[in-house]
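Please open the model in your viewer and keep the selection panel at hand. The tour below moves from one selection to the next and says what is found at each stop.

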Amino acid sequence: MKPHDGDSVFAHIPHVPEVPLYAMLVAFSKDPTPLKLNLGIGVYRTEDGKPFLLNVVRRVERLLVNDMSTFKEHLPTTGMAEFNRLSAKLILGADSPAIKENRVTTVQCLSGSGSLRIGAEFLAKHYHHHTVYMSQPTYANHPNFFNAAGLAIKTYRYYDPGTCGLDFQGMLEDLSSAPSGAIVLLQACAHNPTGVDPTLPQWQQIRQLMRSKGLFPFFDSAYQGFVSGNLDEDAQSIRLFVADGGECIIAQSYSKIMGLYGERVGALSIVCKTAEVASCVESQLKLVIRPMYNNPPIHGASIVAAILKDRDMCNEWSIEVKAMSDRLISMRRQLFDALRDKGTPGDWSHIIRHVGMFTFSGLNPKQVAFMNQEYHIYMSSDGRINMAGLGPQTVPHLADAIHAAVTIGV
Amino acid sequence: MASTMLSLASVSPSFSLSIQGKIKLGSLERNNLFIKTESFGRMSMVAAVNPSRFEGVTMAPPDPILGVSEAFKASTNEMKLNLGVGAYRTEELQPYVLNVVKKAENLMLERGENKEYLPIEGLAAFNKATAELLFGADNPVIKEQKVATVQGLSGTGSLRLAAAFIELYFPGAKALISSPTWGNHKNIFNDARVPWSEYRYYDPKTVGLDFEGMISDIKTCFVFHELYSPEGSFVLLHGCAHNPTGIDPTPQQWEKIADVIQEKNHIPFFDVAYQGFASGSLDADAAAVRLFVARGMELLVAQSYSKNLGLYAERIGAINVVLTSSDTAARVKSQLKRLARPMYSNPPIHGAKIVANIVGDPTLFSEWKAEMEMMAGRIKNVRQKLYDSLCAEDKSRKDWSFILKQIGMFSFTGLNKTQTENMTNKWHVFMTKDGRISLAGLNLAKCEYLSNAIIDSYHNVC
């Protein structure tokens, strides 16, 4: 490294292109057309297309700001204890034996992303098998967390474009042939990007297979409440696994379900065989977290804890979650009905079969590009649509666009 | 294959099976073990639990600094003093949320701002404000867009981003860190897989800076028995208020440090955790960084708002890289983003908005400066009082002036490990074993008591 005058020692550093999705969002914001639709976002929106700050969150923030007994001292490395306890209860159930037996270690992390990375780092250090299987397709950022921790990535079949549903046989086959001990990343509900979830009986089969093959479950739970509107119901997949006494890792995010996106609130729980192991695991998690950012941010966790510990606020929150979930279902219904009324060729029933915020529309990249050019619809080229990007006034426009794309024979 | 359901109902009362992890199986890969129990003429199959996948995970050692606070809490002695704390305390030894921070939070609430994701690089208004605070708004490197700034998770997170960047694009390059330095520095470089070695810094004989040793080691480092100082190492420097010693180079010494770093084509890497908190002046505390920038050097600076804005738990800071061209700055910024994304996707918004709102509003900014001067002033007063008490109480006429020469929250007392233990065991003064005390945990009322403890430990304990 011998720079001469004006030469930079950083001259060899290449440019990293912008994440394609973000580049698309920029393009959307620059589009001057009044009738444009952003269906590529990964966040919830009101029917007017606005960001949604939950009322209960606003209420809590007012309380927090006026509370003179709160300080901004460093949280412990593992985060806010009350938040951790309440998060574990939320995902595992208040009467979970695993919690009662002190077999769960929960650490506050930076939303789902941070939980996934810390979990990955922990596994890379302390788990004997260094391959992670994830669904084909999965959330775009999933491979990055595990790659960064030095774990190898493999995929299991998941989405069947023929049925716009779950390729259950393919999934079971691929998990069957995974080596014993391999880590398997599972989305607890509201699969991103497809919108396709296994049924409960299918989850049971997945669980049985995984336990018999010694595969290690790593759950990503970012949408608890967004499928059925009921928090407990949407946690069933995880609770099935925990009920059999086996171990698993869970990454929880409050970004969508409490609208706390930018606050980066989440939790990583590791359900262990014994309290002893859980205690050692917690101590080792601290060693992963400390050199990354020392301790997690307080604001979002304070909001979550205040809501979850108060019965009225928790109730108010669950009503707001149900409202968000209902709106997504309503948009699905309206889009399906609009396409049916237009006589758009094809079977669009997957739109109402799919769950959560996203749906794999079944549109191909050419059709997506056509819809972007002619109708100013912005969505990812894999055909994923965010139902939250729709409102009753804009559904007709999308239906027109889809109809055109499909009938013009693009 | 049956699931590993623990079927306690089929275990007879007379049979006790210790299941809690005490059954050791040969290897973690074996997952079947059936134990037959016979009781009351009935065969019950109990599938023994698979052992934990994490059976071999050992209990990690506790954090030494945390241990100090915990020992303090456990102590019932009424004279006890917690000088291990790394956070500012008021004269009443209470935590402190700055008034200006409360004002900013109220403003944010009134505006009903939303909580949308920040971009990966963080809040633009914050990034602009933080770079201007550090380098000066009129600095050519800012005007010419030669600075890549990315919001980070306080100082630690910013250091980690930088370390990850170094590991990726300067493979094999070393970090040179002061001996001693903040404990987490080593952990950060270790986890980022950046090799490091130390340069001499603290001179126990003078309780001051071993300047000759520092310069010599930056030129040539001894690692074990090898002479090692490859050109192009990253030299970690504390911008002001060195932690843990409180010993900063003088302006003239900074010039010489810059000389030798340039001579060896090293890259300066500043950790600025106390800007404004050390002297009370934001500009004065940035002097060392600005000196290097003025020489046209490329460098990295990690910033933290934990202490100077009391935003500890909000985790707000930034990593800045000063380059020779705006084009390189843009490329470096894109790389820092690429490293941040698989860590946490995008940074937390709350602390960033607080800083941006305060710095962006002239009234709030002035108020901040006043509160910061007050905090720094309290620390300076306590330093002075401690020094005065030591001089008054100590009959030996030892020179305690190093206390006054040091700056910032911390002070290296020069006490060794045994003497420190005496401080705790006899005097109930809780501090770290390296002899560091946190003046933030001290008030005027306790200076005399502390000085007696120090004098006793220094003179009567070896």
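Begin by selecting helix α7 (residues 211-219) of chain B, which lies across β5 (175-179), β6 and β11 of chain B and runs at about 145° to β6(B); contact here means heavy atoms within 4.5 Å, and axes are lines fitted to C-alpha atoms, for helices over the stretch in contact, with angles from 0 to 180 degrees between N-to-C directions. Helices (H or I, at least four residues) and strands (E, at least two) are DSSP runs numbered from the N terminus. This is a predicted model, in which local features need pLDDT of at least 70 and side-chain atom pairs count only at pLDDT 80 or more, while totals for chains, interfaces and linings use all residues. Residues are numbered from 1 along each chain as its sequence is written, chains are lettered from A and ligands numbered from 1 in the order in which they are written, and side-chain values use heavy atoms, with hydrogens and water left out.

Next, show the open sheet of chain B, whose seven strands follow the order β4-β14-β13-β12-β11-β5-β6 with mixed pairing (two strands pair if DSSP finds at least two bridges between them). Its edge strands, β4 (147-153) and β6 (196-200) of chain B, each pair on one side only.

Now move to chain A and select α14 (residues 365-375), where Gln367(A), Val368(A), Phe370(A) and Met371(A) are buried (under 20% relative accessible area with a 1.4 Å probe, protein chains only; exposed is over 50%, partly exposed in between). The face turned away from the buried side of α14(A) carries the exposed residues Pro365(A), Lys366(A) and Gln373(A). Among what covers the buried residues are β12 (377-378) and α15 (395-407) of chain A. Finally, select His376(A), which follows α14(A) and has a positive phi near 55°.
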